[in-house]
Amino acid sequence: MGRSALVKVQEISMLDAVALLAALVTVVLLWVPGLALAATAGLRGWLLIGAAPAVTMSLVGIAAPVFPLAGVQWNLWTFLVWCVVITGVMGVAVFLLRRRGHELTIPQNPWSASGHLTVVISVVVAAIVAVLVLRAATHGLATVPQGWDAPFHGNAIRLIAETGNSSPRALAWIDAPDNPGGSFYPNAYHCFEALVYHISGADVPRVINTGMLVTTTLTIPLGTIALVRAIGGAAGFAAASALVSTSFAYYPWDLYQWGQLFPYAAALAMIMPFFAVLVRWLDTRADRLGVLVAFLGAGLTATHSASVFVAAGFGVFLVLQRLITDPRDWVRKELPRLAVAAVAIVVLASAYLLGASTMAGATAAFDWPAVTSVSRAFGDAVLFGSDAPWPQWLLALFTIAGLLLLWQDGALRWMVAGYALFLGLLVAAAGLDAPWAQAITSPWWNDRFRLAAIIILPATLAAGWALQAAARAVTDKVLQRLPETTRSRRTAMSVLAVVAIVLAGGYFGQSHGYATRNADRMTWTFDSPVLTPLEHQGLIETGKIVKNGELIMNDRGDGTVWSYAISGRRPVIGHFQGSAAPPKRELLLEKFNRFGKDRQVAEAIRSLNVKYVMVGWGMIAEFKRAEGLKELDSVDGLTPVYRNPEFQLYRIDWDKLAG
């Protein structure tokens, strides 16, 4: 092996090690703070493990707007101090309650050792499916995500990490530069990933991708188990639901290939744990869990504004179900608790709720055109067609059967009703262009993919219920054929285990967990010409040439919008822009190559401190090269300082600026 090849192998190995470190940091940071607070509040077992990441994100989200107001920088140590203080307050409250003789043990139905083992195996299998998808789709965690929103999230993570400013209005430079009042964006996801970036030393693409890895392999299956545990479900139900949780295309995978909605995917992963803690609180009346409910509600708001409407959509049906079941008890005991929790959520999430209100006009005005008929939209949704040539037949069959069975069972009837609600919204977004359809789907930007992801939450439980019901039905048939003298509990469990393995094996044998199908849909987002490896290398070199504080002129539609996230050097345009940029920046896009003749252009360059200009080869969607960035090689006053076949960086000679 030659020296250059050996260096390359060593480099790849080192980069893999960095990605693995980032993944480990993500797991530890996502679980430990939440475990500490939730355990202090009284959660135990699978409910504790499944809810911990959502509790951690809530701690992040509540702290983020408070720190800047208090003059506190956002970093690992300040966040850990915050977590210790909050957990300490909870611990003191629990200690005082115990001293006063209050019984604080929260009862839960035990699972057998074999039940726990089955759940563990299911989580492992679901995680393997997710790993297979990501491995095939990304070709490695170092790959740069290249969807529309990806550079915004990447730049936001680095901005928070480097400035220590965790304000939800601090991301204006990326999306709305030159706006003195800032621009709101719920930033709990970015604040969390900024900590991972700071601790691990990984670059931003690895941080984003390892976050995606942990969400899909662990957070989603464990969150599903938490809700099943909270309602008193059997271990088989939890295991079956976790088993299929990473197979659906609509969620999580379509969110990572369409738009690359990383914060939204993270917020949806918090929905199941939120309801798990809420149900356990209402069932046990252990009011310290109400604190966690308030925290989780605020955390949802801080992670993505639309998640408030998702929680409300399912929550209304949960409340109605409990009200109908026992109206008197609900009015006397649950209504006051829910009212206090709602007020607490509003207070804790006030910065995000007020910020979201400033964006309401923009979201309400946005409209994706209908892409199909209502009937086809309905069929595509129910069969999980996901714009693919072939539906996810097995998952659709399990889900439809499971929805019917869950409705008959009653415990999760509210989730089935929520499925119907969001199914209707999905069909409206995909198949109708009516103003009323746009209005009712506006919290999700009238985006069918965001709505499709929501129906997978109840679909996961429904498919799991159907699998469990099928296993029990077959087991009962087998036991009926055995002599009565051999029908012991041990025999029944053994038969059930064999049947479950056969059913699970049949599902994966036929579908392979839909891993290949889901990976194929994601590949284009991680293997596109928007930011090629050569352009990526060009951005890295840019960070070595350009000084901090010097802006780089760039286009709105090529991979150079990733500049800050990758090189630490700010571009003039920090995000793919489908609308006009602020006036000075729009002027540069239109006329930059006339800076030697046009005084307005020259003045814009001086006022923004633009010292370089860069262009990449690939363009996103239907974007064309901006007029002001064409034929730069012939512009007097530009000196090439770095060039490769797909990326060019020029220094601007300010002496050649007009006027």
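Predicted model: local features only at pLDDT ≥ 70, side-chain atom pairs only at ≥ 80, totals over all residues.
Local features need pLDDT of at least 70 and side-chain atom pairs count only at pLDDT 80 or more, while totals for chains, interfaces and linings use all residues. Residues are numbered from 1 along each chain as its sequence is written, and side-chain values use heavy atoms, with hydrogens and water left out.

**View 1. Helix α19 meets helix α21.** Let's start with α19 (residues 413-431) and α21 (residues 448-480), which pack with axes 9 Å apart at an angle of about 155°. Helices here are DSSP runs of H or I, at least four residues, numbered from the N terminus. Axes are lines fitted to C-alpha atoms, for helices over the stretch in contact, and angles run from 0 to 180 degrees between N-to-C directions. α19 is therefore roughly antiparallel to α21 (an angle over 145 degrees). Look for Tyr419, Phe422 and Leu426 among the α19 residues that meet α21, whose own partners include Leu451, Ile455 and Leu461; contact means heavy atoms within 4.5 Å. The residues of this contact between α19 and α21 comprise 15 nonpolar, no polar and 1 charged. Here Ala, Val, Leu, Ile, Met, Phe, Trp, Tyr, Cys and Pro count as nonpolar, Asp, Glu, Lys and Arg as charged, and the others, Gly among them, as polar.

**View 2. Helix α14 crosses helix α19.** Now find α14 (residues 306-325), whose axis comes within 8 Å of that of α19, crossing at roughly 135°. The two helices, α14 and α19, are therefore oblique to each other. On the α14 side, the residues in contact include Phe309, Phe314 and Phe317, and on the α19 side they include Trp414, Gly418 and Tyr419. The contact of α14 with α19 has 11 nonpolar, 3 polar and 1 charged residues.

**View 3. Thr525 in helix α23.** Thr525 lies in α23 (residues 515-526) and is buried, with a relative accessible area of 0%. Buried means under 20% relative accessible area (1.4 Å probe, protein chains only). Not counting residues up to four places away in sequence, Thr525 touches several residues, among them Val144, Pro145, Tyr256 and Gln260.

**View 4. Ala266 in helix α11.** Our last stop is Ala266, found in α11 (residues 262-268). Ala266 is buried too, with a relative accessible area of 15%. Leaving aside residues up to four places away in sequence, Ala266 touches Tyr189 and Thr303. Ala266 and Leu30 are 236 residues apart in sequence and 12 Å apart in space, C-alpha to C-alpha.

Key
Buried < 20%, exposed > 50% of the residue type's maximum accessible area, 1.4 Å probe, protein only. Parallel < 35°, antiparallel > 145°, perpendicular 65-115°, else oblique.
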